Amino acid sequence: MEGGNRYTYIKFKMKSAAADRKGDDSMRKLNAEKLERVLKERVSEDIKWGRVAGAAMMVSQCGEIVCDMRLGTKNAETGEPLVPHTIFRLASMTKPITGVACLIAIERGWLDLYDNVADYFPEVKDMYVGRIENGKVVPDHKPHSDMKIYQLLSHCNGIMAETPIGNLQGEEMPYSAYETNKTMVDYCINNTCLAFDPAEYSAYTGYVSFDMVARIIEEKSGMCYADFLDENIFKPLGIKDITFFPTEAQWDRMIAMHDRRSGGKMITVNMGRENIFEGFPLNYTCAGAGIAGSIEDYRIFAEMLRCNGEYNGVRIFAPELLKLMKTPYVPDGTPGRSETDSWGLGVRVAVHNPVLPAGTFGWSGAYGTHFWVDQENEITAVYMKNNRWYDSHGCGLTGINFEKDVMSALE
């Protein structure tokens with residue numbers, strides 16, 4: 001892979017989060033008593049009606065924990081309670097971590113967001129936008145524009161996107177493609193068509209495009225992706241419970257995956273210890289969905305984002321780079337994009353959101369994990385459960401309700 005080292009950034013005048021808030025009357029304070037009450041009422045109702053087995057919630061403001069709550073069970077069949085330091089399958093809450101890895105790569109001059117992807121993966125030049133013909137995906141035309149690095153992380157690139165074209169190709173993908181990040185990227189570049197022209201449409205890309213960014217980082221750093229994250233994000237922050245490769249002790253702390261049979265009975269699903277996400281082997285360090293972690297450690301990651309790349313005196317990336325992460329790259333009116341939110345680098349960004357202030361950013365996971373960072377009110381909020389129903393995908397109903405409940409507690 002080849003690519004440019006031409007990134008030059010404009011240094012914005014950004015103070016620390018704490019300094020920004022001093023004397024700023026626009027920040028609204030959370031009412032801790034109301035917050036605890038509304039969250040407890042909501043989750044207790046969800047548990048009562050079998051919507052969730054258990055949920056953990058952590059909400060902070062200005063770095064102080066306002067609410068730290070766990071309700072329900074870690075395993076609905078055994079009744080084992082949900083306790084601190086439980087490990088959850090994070091699914092797509094892996095994506096913001098890859099977004100931060102990209103910021104580190106930018107700061108080191110390894111890539112630029114507006115580089116052509118083909119500079120790193122020459123075979124991309126040979127890809128076509130596809131169409132469906134007689135139930136098969138066939139090449140239709142060459143893309144109207146070059147694919148850019150930022151598009152890999154903002155769901156407007158077309159590679160294995162969640163559209164009829166992408167889904168059909170996903171059904172035909174051989175299991176051998178899932179062996180490693182490299183096998184996944186190589187297979188998709190050489191054997192699939194784009195679902196749409198880059199930047200002309202927006203549709204969720206679950207993993208492959210994030211794996212492409214991870215591959216660039218692996219090539220530039222000389223490290224496997226998991227080690228890169230450990231050395232450059234997790235260890236500096238003191239994070240021990242976010243990982244691609246759980247230890248036996250961490251597997252023992254993993255929450256059960258829950259599902260429901262017809263009739264509504266809640267059951268647990270034995271996913272084994274050989275995968276974190278949907279049967280993907282552990283050696284495939286999926287940069288879009290392959291990580292597990294605790295709510296306590298993910299809160300630290302979110303707090304680092306709130307403070308523009310710094311936590312507890314440790315800086316992960318230059319403060320001005322956070323602006324790149326939370327930039328809404330997919331403009332209003334783009335087909336397929338939400339009317340209320342856009343996409344940043346691995347994060348959803350509030351634009352016309354009825355609940356969250358503009359510029360708030362975060363994301364969710366397919367098993368019901370969810371977080372956001374609201375720098376206007378200096379809030380980080382994290383919610384975690386693990387199940388396969390009740391709007392668990394993306395910012396489903398539990399995530400939306402969590403946002404509403406937290407913001408309702410602002411004075």
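Select N181, K182, M184, V185, C188 and I189 in helix α6, then V208, D211, M212, A214 and R215 in helix α7: these two groups meet in this predicted model. By type, the residues of this contact divide into seven nonpolar, one polar and three charged.

Now show the two helices whole. Helix α6 covers residues 181-191 and helix α7 covers residues 208-221. They pack at an angle of about 120 degrees, and their axes are 9 Å apart. Because of that angle, α6 is oblique to α7. The crossing in which α6 passes α7 is left-handed.

Next, go to helix α3, residues 95-107, and helix α10, residues 295-306. Two packed helices are described by the angle between their axes and the distance between the axes. Here the axes come within 12 Å and cross at roughly 45 degrees, so α3 is oblique to α10. Look along the pair for the handedness: α3 passes α10 in a left-handed crossing.

Which residues in α3 and α10 meet? On the α3 side, select P96, I97 and V100; on the α10 side, select Y298, F301, M304 and L305. The residues of this contact divide into seven nonpolar, no polar and no charged.

From α3, the contact uses I97, T98, V100, A101 and I104. From α8, it uses Y225, F228, L229, N232, I233 and F234. These residues divide into nine nonpolar, two polar and no charged.

The last stop is the nonpolar interior. In soluble globular proteins, nonpolar side chains tend to be buried together. How many residues are in the largest nonpolar core? There are 100, and V100, L229, I233, Y298 and L305 touch the most other members. Helix α3 gives the most to this core, with eight residues.

Centre the view on I233. Leaving aside neighbours within four places in sequence, I233 is in contact with I97, V100, A101, I104, F228, F301 and I316. To finish, select M69, W372, F402 and A409, which are among the 22 residues of a second, separate core.

Technical notes. Residues numbered from 1 in each chain as written. Predicted model: local features only at pLDDT ≥ 70, side-chain atom pairs only at ≥ 80, totals over all residues. Heavy atoms only, no water. Axes fitted to C-alpha atoms, helices over the stretch in contact; angles between N-to-C directions. Helix = DSSP H or I, 4+ residues; strand = E, 2+ residues; numbered from the N terminus. Parallel < 35°, antiparallel > 145°, perpendicular 65-115°, else oblique. Left-handed = near helix turned anticlockwise from the far one by under 90°. Contact = heavy atoms within 4.5 Å. Nonpolar A, V, L, I, M, F, W, Y, C, P; charged D, E, K, R; others polar. Core = buried A, V, L, I, M, F, W, Y, C linked by side-chain atoms within 4.5 Å. Buried < 20%, exposed > 50% of the residue type's maximum accessible area, 1.4 Å probe, protein only.
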